[in-house]
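Please open the structure in a viewer and keep the sequence at hand.

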Amino acid sequence: MSDLRIKMLQLGASFKTTATLLATLPLLWAASPLIAEGTDEASLSGTVTYRADPDSPWRFQRYYVADQSTGALAEAVVSLKPTQTIEIPPNDTPANVLVDQENFQFIPETIAVRTGDRVRFTNSDETLHNVMLSHPADAFNVNLGKDEIYEHQFKSSVETFRPHRLGCVYHGSMRAWVFVYDHPFFALTGRDGSFQFKNVPPGEYQLEIHHAAGRLVWNETIKVSAKDALIKNIRLTPKNIKKRSPRK
Amino acid sequence: MKSTHPITRRHALKTASKALAAATSASTLSTWALPDLLPNERLVPFEGMPRTGTNRLDWESLNEWITPSDQVFNVQHYGIPEVDPKTFSLEVSGLVKQPIKLSLAELQERQKREALMTLECSGNGSSKGFMNAVYNGRWQGTDLRSLLSECELLPSAKEIVFFGADTKEETLREGSRRELKVTVPFGRSMSLAAIEETDPLLSYARNGSPLETRNGAPLRLIVPGWYGVANVKWLTRIDVRSDRYMGRYMARDYVSVRGERQGDEVVYVESSVTKIRLKSIIARVHRRPSSKGRIPLRAMGAAWGDGTEITRVEVRVDEGPWLPAQIDAEPKSQFSWRFFSIDLGSLSPGKHTLVSRAIDAKGRVQPASTDDEIALKRTYWEANQQWPREIDLS
């Protein structure tokens, strides 16, 4: 058993939650540190929506689009990928993010963190679960009984289109995704589909969106000028559904 | 020495006629689907169920008889090997007069045959965390029995072992002084009698496309009516033997442990996971606008098994009587699932439980989780218990 694995009782109940998936999302945002404000820095905000097409149904829509009239898309990761070198402050205040296993599902299924943030996995089910990740820098494979927790500090960043995929070895349908960044310009959309980046250094970026659970992808090059207050409302359609490799 | 085993003499002519029949049957199947939502209907979500992801059957959006690729599961125990189709070969060896080694191209040049089958993982339905591992497919390939016939089985041949290209180091007697580590290929076996009965296919394509790597490319075994584990993927070697093969997935795993009542005693019996057990599930529930305070409801789903005719599917609401569902006449193929639907009349607002059960021509009834067949089962394979669906009509 890993040294990091400790009983919930030893930690107290501060990380215990029975909250719903969407109620846990603000925790991630509140935990994300911001770059110290500079004079030329800009902001970027907007929404991600999904426009359905009856001729090309996206079967995951029922999970992630709560309001069909607005199409606001939840649980999409939005990120800015600099195309030039920018100065990134260190992650001085690492966030603590909780991922529960409840009713045979990771809750939340998608999280986005900075390198150095700590993710605590727990299990609210009576059934034995497991959390497993195969990655050279961040591998773990831990069984979790009810209320046990395992904490992992992610060391290496990933590309937005190649997040970590976690699973439970005992229950093949359980899956979760962890997006790890070495900068603070990332967001996970909530029920209203909104995202916001503050203190963005001027420059050119790839604005990338990946809905890992729903297999949606989108990207665009954007230019950010000094003191911009950009608003970007992005509408995804069935054309953004990631194609499967024909032989894989 | 004269080859006298039945499988060496019977099948060449039968195979040719069966191939033609199968092709004809497949080509006449309609593009039938479960009915879509009507304009005044909406889907009733199931309560307390986790989301369904990719590579799993999505019951609530099920509408196609042949399952689309992105809802097809894959389970493997020794990882997914990459087998180069250009250098691939299938070898038949052991107790045969004529060992043979065939390339993929040579297999594809042989008499073609199709098999329609609902393929289910035997662990499917063992928990909420694993209950969408089933799909219906149309496999293309060539006949196993004909190939065995050409190899001329020796009289001592009794068992056929199928080995995949996937291998792993297994530890036997772990932790003991006699611990043994040995690298073995994944293997499963069938008796000659079972091969006669099931008429397996050596399959290189599904639904008209080459197999996906994760599903066994370039070649896998398809055993109509048997659970997924018997349908060996990445098949590279067929070994004909006189004694029982006791590999991990025949003798240690995929062995159901089930209690049987003998008088006042419960005796536990271990048996190999082979034939698919009779099963049904409600896939979707549709509601229409309420009328006079009640909500009109209809449900639809699927039923499947080992190829025995499914004669009835029944649905029960809460603790009410079992009601007969309509089993769709077409499409129909012996080893594929049947879709059913039922008009449930109008239900009161609030929470309800719906459950289905299938009954086959041998009189077998899909068990409830409290029936001995399930309640006394100590392992998770063969999870064919009725699956109640909770809905909220508030």
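**An open sheet in chain B**

Begin with chain B of this predicted model and select β17, β16, β20 and β21: these 4 strands form an open sheet in that order, with antiparallel pairing. At the edges of the sheet are β17 (323-324) and β21 (389-392) of chain B, each of which pairs on one side only.

Next, select β16 (residues 310-317) of chain B together with β17(B); the two strands run antiparallel and are joined by 2 bridges. To see one bridge pair, display B:E314, whose partner in β17(B) is B:P324.

**The largest nonpolar core**

Select B:F162, B:A299 and B:A303. These residues have the most contacts inside the largest nonpolar core, which has 90 residues. Colour domain 1 (6-29 + 72-252) and domain 2 (31-64 + 254-394) of chain B separately: both give residues to the core, so the core lies between them.

Setting aside residues up to four places away in sequence, B:A299 touches B:I282, B:V285, B:V315, B:S341, B:I342, B:L344 and B:L354. A second, separate core of 55 residues can then be located through A:A112, A:Y150, A:F185 and A:F197, which are among its members. In soluble globular proteins, nonpolar side chains tend to be buried together.

**Two domains of chain A**

Turn to chain A and select domain 1 (1-31 + 90-182), then domain 2 (35-88 + 185-240). Their contact takes 14 residues from domain 1 of chain A and 15 residues from domain 2 of chain A. On the side of domain 1 of chain A that touches domain 2 of chain A, select α2 (21-31), β6 (110-114) and β12 (171-181), each of which supplies at least two residues. What is the division of residues on this side of domain 1 of chain A into nonpolar, polar and charged? There are 10 nonpolar, 2 polar and 2 charged residues.

**A loop residue in chain B**

Finally, select B:S242, in the loop between β11 (235-241) and α5 (248-252) of chain B. Is B:S242 buried or exposed? B:S242 counts as exposed because it has 12 C-beta neighbours inside 10 Å. Apart from neighbours within four places in sequence, B:S242 is in contact with B:L95, B:S156, B:A157 and B:K158.

Technical notes:
Residues numbered from 1 in each chain as written. Chains lettered and ligands numbered in written order. Predicted model: local features only at pLDDT ≥ 70, side-chain atom pairs only at ≥ 80, totals over all residues. Core = buried A, V, L, I, M, F, W, Y, C linked by C-beta atoms within 7 Å. Buried ≥ 20, exposed ≤ 12 C-beta atoms within 10 Å, placed from the backbone. Domains from an automatic or database assignment. Contact = placed C-beta atoms within 7 Å. Nonpolar A, V, L, I, M, F, W, Y, C, P; charged D, E, K, R; others polar. Pairing = 2+ DSSP bridges.
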